[in-house]
Amino acid sequence: MREDNIVGVDIGGTFTDFVSYDATTGKIENWKNLTTPANPIDGVLEGLSNIESMATVNKIRLGTTIATNALLTRKGAKVAYVTTNGFKDVPFIQRGDRRSHYDITWIKTKAFVSRADCYEVAERISALGEVVLPLDELSVRKVAQAIRNDGTIEAIAVCTLFSYVNPQHEDRIAQILAEELPDIPISSSFHVLPKWKEYDRASTTIADAFLKPIVQESFARIKTCLDDLGIGDKVGVIKSNGGESSIWGAAATPVQMALSGPTGAVVATRTVAELTGIKNLVVFDMGGTSTDCATVVNGQENITTDFEIEWGIPIQVPMIDVHTIGAGGGSLAWIDKGGLLRMGPQSATSVPGPACYGRGGLEATVTDANVVLGRINPDFFLGGRMKLDASAAHRAVARIADKLNMAVDEAAMAMLQIANNNMLGALRTVLLQRGLDPRDFTLLSSGGAGPVHICDLLEISGIPQGLVPNYPGQFSAFGFIMTNARVDKQRTIQQVSTRFDALAVDEAMTHLVSSAVSELTEQGYVDNIHVQRSIEARYLGQNHGLELPVDEASIDTESAARLWQKFHEIHQARFGFSTPGETIELVTIKAVAIASCEKPHIATLALAEKSAKANSSRKVRYEGGWIDTPVYERETLLQNHVITGPAIIEESASVTILRPDQQIRVNEYGYMLVTAKSAEGK
Amino acid sequence: MDMVAMSILDSTMVSICREMGITLQKTSYSTIFNEALDFTCGLADKQGNLIAVADFCPAMIGGIPLLVESCLKEIDVVSLKEGDIILHNDPYRGGLHTPEHTFFKPIFFHGELQGWAIAIGHIAEVGGMAPGGFPGEATEIFHEGVRVPPVKIKSAGVDNNDIWKLLLANVRTPRTNYGDLRALIAAVDLGERQMRDVLEKYGVSDVQQIIGDLLDYAERRMKAEIDAIPDGIYSFEDSVESDGVTPNKTYRIAVEVHVRGDQIIIDYTGSSPQARGPINATLGVSTSAAYNAVLHMTDPSIPRNSGCFRPIKVLSPPGTIVNVDFPAPSVGGNTETHPRITGAILGAMATAVPNRVMAAEGATHCNFVFGGVDAASGEYFACYDLETVGWGGRAFADGNDAVDSINGNCRTTPVEVFETRFPWRVECLALDADSGGAGEFRGGLGYTKQMLCLNETITVSQMTDRHFTKPWGLDGGLEGGCGATLVQKNGSHKWETMCEAYGKISTSRYSNVDIHEGDRVKLITPGGGGFGSPKKRAPESVERDLRDGYISLESARSNYGYTGN
């Protein structure tokens, strides 16, 4: 038997999802079991026991919430922060703004370090990288002594002013501390995030140190368990950039794991783009308590450095731009003081869950509304593995209907529409607020609840086409079997077009590329490496850069002139104006190194010879009223099947509700493409 | 009322305003815009009612209704054309102060005016007697920069070059101003375009109906909140410590809040006559300050539109520091007098709604402005730098440390950006222990920013407060620490106030001091007052504060009765 199984594992809040691909047979299988929060590896091992022979496993990729949870629950290392004299309060001062206006109850977000554990050393580098005050090494050794005497410090973060221009002092501080305190892990800002803005860099570096001991320990445990199965050296983990990393590579800079799981759906979306040739996709992955939205533009996922783990706590390593809102199937209905129906952000969570779960929940949720409206089949939830209590859903929605003086189905309809409007807000955030036009996109829905809402969202969002992929309920884990090893590097290099030092920028870029590539090769990814380079630039004085790909082999005066020309064009396209002749400032250089991994071959479906056949029907409520709606089983659908709305397409982990004015066409891979009926034949 | 349509339209319009703001943030040039986010964007209906706004700068949000109302009186609406954009900054036409530039773009749909896209932004350099605005010694509006009544900066989509030339010839940093003005135009263009899409999608009459419902809904929400406040008359007083030009004189802010049923009246009668110096608030500012206080005492999720302001009435006698008459200066009214008024209203309401107020916050933005010619590039630079203060203690929590005063929600500029842009070296940025007033719930801390001048000359001005008038405590909480601005001349070891070093009348507001290479400036910002008696503070909180250096051992002993070492 060949060793060519690839397994993707997504450890989620409720379920651990598995997708496996067998290259010999070309078969993709998926399954899930409950997550074991105390020791997530137990749930993974349980699921892996489904695989007959571990000897066939060539690669197992884990999406893990270890780092995310440690940050969200603030259960990490006791960190010491070491910085330039005069600046130890930067993590507490932050940026001075507050989360929202007019909220007198607001409490400023606490730093991930105590003020008592912050230390200063005598040194200073200028904005141009010159040494203004040489490093006083004795002051560093005194700090080491103080940390040793304290005895409680578990990790150290070092971040000095302007280290992104010249890291010599910061490097030397880290070196001395490592000498003096060999047992304490150290994170230094130049290596974690060599970009300007001291608070953002400090916050990211502190988070990295905060995570180091816990991530290293838990990865070691995972490795031991998988070693027992004989697959310890086959494991890779998924970073926030959606790429695979070796387990020790990720543990060296654990802040890169801050957002691992949600990236799977985005990588899977990119795969859909590659397979279908649909270049612009917006994915909404809807679960019980939250919904993640992200875009794939021109076949590429969007990488951001604007992430905050909590309001005011930036973690700015490059990661996939996923926007999460607290709206999902469990969002609760309530009526505010002005008499308006609202949905969420409070949620029924998994316990007690929506009223229809029959676990004691009394309040109406989005899922309850979907049951009342006939959209979710109470006898076929999770493929029939969980029976829903339709009368409990009805009672819960009736309580809201009474207060609004509406019929129960009307109230359920209003709940659904308001919930959809909340999700529309998330779509606007990832599209219009990023300057993207919904009309250029295809909406892809995943998560168990996504396909239930996709057709309504198409109607209100102005997005012309929808796509329901295969296994929408295990879409993230599917992404993990499709991903590559990937390293993203960025560095601030401040230069202006009028006094442009092309040689310095070219050198810095060359260095950045080689450091990205060597990070990959050190982890054992040596084949099929390719590199993408880009710069971020803006008009001098602006604060937000636009990204420009660097396609030419080297940066010199002539290629720079072409870049500036390109900048004016992109600025015009993005913001509706440009200022020709204006000085342009280069801010950041970026390099991405990707080692392409072997990809599963996705099988195609047989061509349909006869039209699709419904096997039952049930009444579903649409805006216009109740309609008897045919029910199709997704697994019976073949390539080129066309289903016209109204229709229900059921599958084990989800259900798609096609509106009366829409149609679905099944493509060669089994993806269902939703369009308006009027688009027929186009 | 169609609540689904209301929800959809409200969130869509707020989202449009946010998108306008993001455009501004991403395309503007001055740090006060793109780092500090001192701007706001809104939409109004054709009558001028504010129908949606994005949460950027609160001082501007409350100011929009009066601003629009005043300008609509003057704009010849009948002759407006599609693609016109109107620019305005005049404090005596509903404005807040000269740096606040407002752009209005009419939204036409099928040839008829349907509403307005509005963007207000703080332009750092506005001409006048001191670089960077905020001349602390101005004695008339003309010292405070170029006054712009509502004029068309674009006519039917084409730049009105005469206006551009006139504006840019009268400021010290035309390149930066040009970028900021373009950014504001891009913002209103986006708002107008997207609101037209909304009208196309839902139809004019439905949109008008729903907007009417939305305004009524916000009004209902606000009335329900006011109704829950015990009826009564509540009063309080605070003061502004100097007007920058008159020696030894302070100015009274008097507020009397009448709560009756679901209505609230805020009466400023008894406040001082207007000052000679630039601390006066325009009617727009004192109205905005009243709205700000009421919004802080009520549910923050009420939609911010003209409807929510309907139950709030403001009485502001003309010729006073809270409703200044032409041509007195007013640049500090919007930043300094506004939070003083808002704080006084919260102080008045402490007995009525103790869980919805706080003790005095630092209530200044520090407003340190400077300009000069950069030795390296030869280009003129100007900067409006603002700093954070401590919040007051609350009945349930300590005051937040180092936060922008409550009439703004600005971010500070990172030291690494500041030094890259301007010829200063920041030598420290450190919280000041003991600057938070002692209390069961301690006031938040202010901080110290110390800077070394690296240019031959940098001309500085400032508009701040609370160098002498301490942030008050509530319910037995003690006063917070004062701020200060100190200078150390090159070669000297002495730190001096602006009065001592340069003979200025006020330490906290002054104009055009030339700082030279090697001189140092230290900005110390005030903390917040404490809430409740310090004796009631939990001993573990005192110990934690001591360990983390938020309070000194002396303060722990004398204020909190700490007995350890």
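I184(A) touches I153(A), E154(A), A155(A) and I156(A), leaving out residues up to four places away in sequence. Contact here is defined as two C-beta atoms, placed from the backbone, within 7 Å. This is a predicted model: local features need pLDDT of at least 70, side-chain atom pairs count only at pLDDT 80 or more, and totals for chains, interfaces and linings use all residues. Residues are numbered from 1 along each chain as its sequence is written, and chains are lettered from A and ligands numbered from 1 in the order in which they are written.

Back to I184(A). This residue sits in the loop between α5 (168–180) and β10 (186–188) of chain A. Helices (H or I, at least four residues) and strands (E, at least two) are DSSP runs, numbered from the N terminus. I184(A) counts as buried because it has 21 C-beta neighbours inside 10 Å. The cut-offs are 20 or more other C-beta atoms within 10 Å for buried, 12 or fewer for exposed, and partly exposed in between, with C-beta atoms placed from the backbone. P213(A) is 29 residues away along the chain, and its C-alpha atom is 9.0 Å from that of I184(A).

Now chain A as a whole. Chain A has 16 helices and 35 strands. Its radius of gyration is 26 Å, close to the 26 Å that the globule rule gives for 682 residues, so chain A is as compact as a globular protein of that length. That radius is taken over C-alpha atoms, and the rule is 2.2 Å times the number of residues to the power 0.38. The C-alpha trace spans about 80 × 65 × 55 Å along its principal axes. Of the 682 residues, 55% are buried. Among contacts between residues at least 6 apart in sequence, 66% join residues at least 24 apart.

Next, the cores. A nonpolar core is a set of buried Ala, Val, Leu, Ile, Met, Phe, Trp, Tyr and Cys residues joined through C-beta atoms within 7 Å. The largest has 343 residues, and V79(A), V282(A), M415(A) and I118(B) have the most contacts inside it. Helix α12 (residues 408–430) of chain A supplies the largest share of this core, 14 residues. A second, separate core has 32 residues, among them A537(A) and I589(A).

On to chain B. Which residues does I118(B) contact, beyond its neighbours within four places in sequence? The list includes C41(B), I64(B), F104(B) and V188(B).

Chain B has an open sheet of 7 strands in the order β2-β1-β5-β4-β3-β6-β7, with antiparallel pairing. Two strands pair if DSSP finds at least two bridges between them. At the edges are β2 (50–53) and β7 (158–159), each pairing on one side only. Strands β4 (residues 100–109) and β5 (residues 112–122) of chain B share 10 bridges, and F108(B) has L113(B) as its bridge partner in β5(B). Helix α5 (residues 174–202) of chain B packs on the sheet, at about 30 degrees to β4(B). Axes are lines fitted to C-alpha atoms, for helices over the stretch in contact, and angles run from 0 to 180 degrees between N-to-C directions.

Strands β8 (residues 232–240) and β9 (residues 251–260) pair antiparallel over 9 bridges. β9(B) is also joined to β10 (residues 263–267) of chain B by 5 bridges, again antiparallel. β9(B) and β10(B) form a hairpin with 2 residues between them, and G261(B) in the turn has a positive phi of about 60 degrees.
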